[in-house]
Amino acid sequence: MTLWGRHSGAVALIALVGLILDQASKLWFLYGFDLGANGPVTVAPFLDFVLVWNRGISYGLFQQHSEIGRWILAGFTVVAAVFIWVWAAGTTRKITLLALSLLLAGAIGNGIDRLVFGAVVDFVHFHVGSFSWYVFNLADVWIVAGAVGLLYDWLTDRGPDAAK
């Protein structure tokens, strides 16, 4: 298990920038704009800013309304962040490095919300007609982008076994 690798500084920097953008946007919508009192806000016919407290994980799955549930999800976040960090520390592919950095930023960003507020702050709502996408935040964007990056990396990996 490697805790620091050749590209760990880059992973830390990318994750830190993503984390700062995520937390700054959440804090601004909570306290600068006071979305709870002033929202929802229609930005476009397909986009609103609304305040939703997500007590679960992605797509609102595994909602937790007890303190023990909250701490189990927080503990899972810590374990996931350590796993992602160790994986990133050992990677040599740039796309994997970027994808894992984004996953790390998203996991930590939503983990901070869970620890500080007891729930994740979500505020972006896409919808078209009667179709409504879930409400999300920048950490969720980083997580999805990271997952897509890992999938792309896996599908395009042309390592030594590719010729077989």
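The model is a predicted one, in which local features need a pLDDT of at least 70 and side-chain atom pairs count only at pLDDT 80 or more, whereas totals for chains, interfaces and linings use all residues. Residues are numbered from 1 along each chain as its sequence is written, and side-chain values use heavy atoms, with hydrogens and water left out. The mean pLDDT (the predictor's confidence in each residue, from 0 to 100) is 89 for the protein, and 89% of the residues reach 70 or more. Confidence is highest in α1, at a mean of 97, and lowest in α3, at 89.

The protein contains 5 helices and 4 strands, these being DSSP runs numbered from the N terminus (H or I with at least four residues for helices, E with at least two for strands). Along the sequence, the elements follow the pattern α-α-β-β-α-α-β-β-α. Among contacts with a separation of 6 or more, 68% come from residues 24 or more positions apart, a contact being heavy atoms within 4.5 Å.

Strand β1 (residues 41-44) pairs with strand β2 (residues 47-54) in the antiparallel sense over 3 bridges, pairing being assigned if DSSP finds at least two bridges between two strands. The two strands β1 and β2 are joined by a hairpin through 2 residues, and alanine 44 stands opposite leucine 47 of β2.

The structure holds 4 salt bridges, each defined as a side-chain nitrogen of Lys or Arg within 4 Å of a carboxyl oxygen of Asp or Glu. Asp22, Lys26 and Asp113 are linked in a network of such bridges. Aspartate 113, like lysine 26, is buried.

A further salt bridge is formed between aspartate 157 and arginine 93, where the closest N and O atoms are 3.6 Å apart. Aspartate 157 lies in the segment after α5 (138-156) and arginine 93 in the loop between α3 (67-90) and α4, so the pair ties together parts that are 64 residues apart in sequence. Aspartate 157 is partly exposed, with a relative accessible area of 40%, and arginine 93 is likewise partly exposed, at 31% relative accessibility.

Helix α4 has 24 residues and reaches 34 Å from its first C-alpha to its last, close to the 34 Å expected at 1.5 Å a residue, the expected span of a helix being 1.5 Å times one less than its number of residues. Just after α4, glycine 118 takes a positive phi of about 85°. Serine 101 is located in helix α4 and counts as buried, at 0% relative accessibility. When residues up to four places away in sequence are not counted, serine 101 touches Ala10, Val11, Ile14 and Ala15. The side chain of serine 101 also reaches the backbone oxygen of leucine 97 at 2.6 Å, which falls under the definition of a polar contact (a pair of N or O atoms within 3.5 Å; within protein, one must be able to donate a hydrogen and the other to accept it, and residues adjacent in sequence count only if both atoms are side-chain atoms). Serine 101 and isoleucine 84, which are 17 residues apart in sequence, are 8.1 Å apart in space, C-alpha to C-alpha.

Helix α5 has 19 residues and reaches 26 Å from its first C-alpha to its last, close to the 27 Å expected at 1.5 Å a residue. The N-terminal end of α5 is capped by asparagine 137, a side-chain oxygen of which lies 2.8 Å from the backbone nitrogen of alanine 139. Buried residues in α5 are Ala139, Asp140, Trp142, Gly146, Gly149, Leu150 and Asp153, and the buried residues of this helix pack against α1, α3, α4, β3 (120-128) and β4 (131-136).

Methods. Buried < 20%, exposed > 50% of the residue type's maximum accessible area, 1.4 Å probe, protein only.
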